[in-house]
Structure formats: C-alpha cells, structure tokens
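The points below may be read beside the sequence and the three-dimensional view.

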Amino acid sequence: MKRAIVSDIHGNLEALTAVLTDIASIGVTQIYCLGDIIGYGPNPRECVDAARKFDFCILGNHDQAALFDPEGFSQGAERAIFWTREQLETGGDTDPEVANRWKFLCELPRTRIEEDWMYVHGSARNPLNEYVFPEDVYNSRKLERIFSIIPKYCLQGHTHVPGVFADDFTFVASSDLPEGRYQLGQRKLMVNVGSVGQPRDGDPRSSYVVLHDDEVEFRRVPYDFHVTAGKIREIDSLDNTQADRLSDGR
C-alpha cells in the first residue's frame with residue numbers, strides 16, 4: 001500500500017496545490033480525503049474541483065454545513081459557510097459545474113471501511129462531529145468506546161492536530177516521531193492526519209499522511225500562506241482571524 005490521506009483543506013488552494021505537488025513527487029497516485037474540503041478559505045470552488053479527482057472523499061462537518069445550515073459553529077465559521085455557499089452557487093443553472101459540485105458534495109459518505117482500515121472525518125463513534133484531542137488520553141471511557149468500534153486502524157481529521165492514538169490511551173504527536181514515521185503493529189490505532197489548509201499544532205506547514213504497508217508517514221509541506229491570507233483579508237465575509245492564524249499554525 002502507498003496511499004496519501006489528506007483532510008481539512010478548508011478552501012486553501014495554495015496549501016492544496018503544494019500538497020498535491022509533494023504527493024506527485026514521491027510517486028503516490030492514490031489520494032483519499034477525510035472531509036472539510038471547504039469552509040474558512042477563499043477558494044472553495046477550486047478545492048472542490050480538485051477533490052472530485054481524488055480516489056475517495058469523506059463528508060466533513062463544514063461540507064455538510066454548506067449543504068444545509070451550520071450548527072454549533074462560531075460566528076466567523078458560520079459567516080464563512082454562508083459565503084462559501086454563495087461561491088458554490090455562482091453561475092446558477094447556466095453553469096453545469098455548479099450542479100456537478102453540489103452533486104459531488106451531496107454524495108459524500110460519512111465513513112469508509114477497507115479490511116483493517118476505517119476512514120472518517122471526526123471519530124469512529126461520531127464520524128461527522130466528534131473531536132478527539134490529545135488531552136482525551138485522560139478520558140479513558142471516551143477512548144475505550146471509540147476504540148471498540150474501530151476494526152484495527154482509523155484515519156481521521158477534524159481537530160487539525162496530527163498524531164497517533166493507541167489503544168493503551170497514549171498519544172504521540174507527529175512532530176515527536178522519528179522522521180515523522182510510526183510503525184504499525186498489533187495495537188488498535190487512531191491516526192489524525194492533520195490539516196492541509198489550516199494546521200493547528202503550531203506548525204504552519206500543511207500536514208498529510210502517506211500509508212505504507214507497515215507504517216504511517218506524516219509529511220509537512222510549506223506553502224505561501226501569505227497569499228492565502230491576503231485573499232481572505234480581501235473578502236469582507238471572511239474573518240481576518242482565519243488569515244492571521246495561518247502564519248502561526250493555530
């Protein structure tokens with residue numbers, strides 16, 4: 001197996017372009033996406049069009065919010081969703097790509113299971129909305145229930161914090177892994193692949209994962225976040241804090 005897993009692109013075309021270039025440079029041709037293609041960022045149409053070419057995509061909570069209505073979102077995230085929806089509707093009935101983009105989003109599943117591997121956006125227990133944070137290692141009941149659903153390995157995003165949870169209720173951040181690599185074994189694992197478009201672990205570089213037969217490889221890719229931030233600041237409906245956070249990886 002050699003498969004790239006991306007997540008939480010959030011309309012950041014510069015980050016996505018850099019990640020796709022990196023994926024191509026290492027000879028990986030199969031790409032899975034764990035959701036949140038849109039939301040926050042200034043290029044939702046372009047990111048959806050790129051994701052339509054992936055081998056498989058999962059529905060994220062921001063993707064669903066664009067289809068229906070945002071619930072439990074911050075004011076800035078909610079405004080971004082309404083703006084994103086307007087962008088996806090641009091062109092109306094005269095542009096066939098409008099319908100194609102909506103059809104793609106509407107048909108995204110919440111989970112995928114392939115033998116030992118499970119793919120979700122949030123968690124195995126609540127694929128769309130549940131966050132699993134590093135500090136949840138102190139919530140053994142929560143992790144025990146989630147791990148009980150996982151066949152062996154679960155790939156997820158949503159928190160934008162890359163790392164690996166093991167079923168002994170431990171977490172190791174991707175930054176603490178030698179060369180960003182984690183060896184697969186007999187333990188059940190949850191692997192958070194991090195975020196392409198809005199990392200939140202203090203590192204502004206895009207994060208994604210490559211699956212190998214016997215290990216998970218975390219990769220960090222620099223991109224020109226100043227360009228993305230500038231686009232966000234030019235759009236009144238997008239919150240400038242979404243631009244500011246890109247340089248800090250928060």
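1. In this predicted model, helix 4 (residues 75–89) and helix 5 (residues 96–106) have axes that come within 8 Å and cross at roughly 130°. The two helices are therefore oblique to each other. On the side of helix 4 the contact is formed by Arg85, Leu88 and Glu89, and on the side of helix 5 by Val98, Arg101, Trp102 and Leu105. Sorted by class, this contact of helix 4 with helix 5 holds 4 nonpolar and 3 charged residues, with no polar ones.

2. With neighbours up to four places away in sequence left out, glutamate 89 touches Val98 and Trp102. Its relative accessible area is 42%, so glutamate 89 is classed as partly exposed. From glutamate 89 to arginine 45 the C-alpha distance is 9.5 Å, although 44 residues of sequence separate the two.

3. Helix 2 (residues 44–51) packs against helix 4 at an angle of about 70°, and the axes are 9 Å apart. Helix 2 and helix 4 are therefore roughly perpendicular to each other. Helix 2 supplies Pro44, Arg45 and Val48 to the contact, while helix 4 supplies Trp83, Thr84, Gln87 and Leu88. The classes here are 4 nonpolar, 2 polar and 1 charged.

4. Glutamate 97 is a residue of helix 5. Which residues does glutamate 97 contact, leaving aside its neighbours within four places in sequence? They are Asp49 and Arg52. Glutamate 97 has a relative accessible area of 28% and is therefore partly exposed. Tyrosine 182 is 85 residues from glutamate 97 along the chain, and their C-alpha atoms are separated by 40 Å.

5. Proline 42 is located in the loop between strand 2 (30–33) and helix 2. Is proline 42 buried or exposed? Its relative accessible area is 10%, and the cut-off for a buried residue is under 20%, so proline 42 is buried. Apart from neighbours within four places in sequence, proline 42 is in contact with Gly11, Trp83, Thr228, Lys231, Ile232, Ile235 and Leu238. Asparagine 192 lies 150 residues from proline 42 along the chain, with 24 Å between the C-alpha atoms.

6. Histidine 62 sits in helix 3 (residues 61–67). Histidine 62 counts as buried because its relative accessibility is 4%. Once neighbours within four places in sequence are set aside, its contacts are His10, Asp36, Ile38, Gly39, Tyr40, Phe73, Ala77 and Ile81.

7. Glutamate 115, in the loop between strand 4 (112–114) and strand 5 (117–119), has a phi near 55°, which is a positive value in a residue other than glycine. The relative accessible area of glutamate 115 is 75%, so this residue is exposed. Phenylalanine 169, in the loop between strand 7 (163–166) and strand 8 (170–173), likewise has a positive phi, near 65°, and is a residue other than glycine. At a relative accessible area of 25%, phenylalanine 169 is partly exposed.

8. The chain as a whole may be summarised last. It contains 8 helices and 12 strands. Its radius of gyration is 17 Å, close to the 18 Å given by the globule rule for 250 residues, so the chain is as compact as a globular protein of that length. Along the principal axes, the C-alpha atoms fill a box of roughly 55 × 35 × 30 Å.

9. Of the 250 residues, 56% count as buried. The accessible surface of the chain is about 10800 Å², and carbon and sulfur atoms account for 45% of that surface. Among contacts with a separation of 6 or more, 71% join residues 24 or more positions apart.

Note on methods: Residues numbered from 1 in each chain as written. Predicted model: local features only at pLDDT ≥ 70, side-chain atom pairs only at ≥ 80, totals over all residues. Heavy atoms only, no water. Axes fitted to C-alpha atoms, helices over the stretch in contact; angles between N-to-C directions. Helix = DSSP H or I, 4+ residues; strand = E, 2+ residues; numbered from the N terminus. Parallel < 35°, antiparallel > 145°, perpendicular 65-115°, else oblique. Contact = heavy atoms within 4.5 Å. Nonpolar A, V, L, I, M, F, W, Y, C, P; charged D, E, K, R; others polar. Rg over C-alpha atoms; globule rule 2.2 N^0.38 Å. Buried < 20%, exposed > 50% of the residue type's maximum accessible area, 1.4 Å probe, protein only. Areas by Shrake-Rupley, 256 points an atom, 1.4 Å probe, with all protein chains shown as cover.
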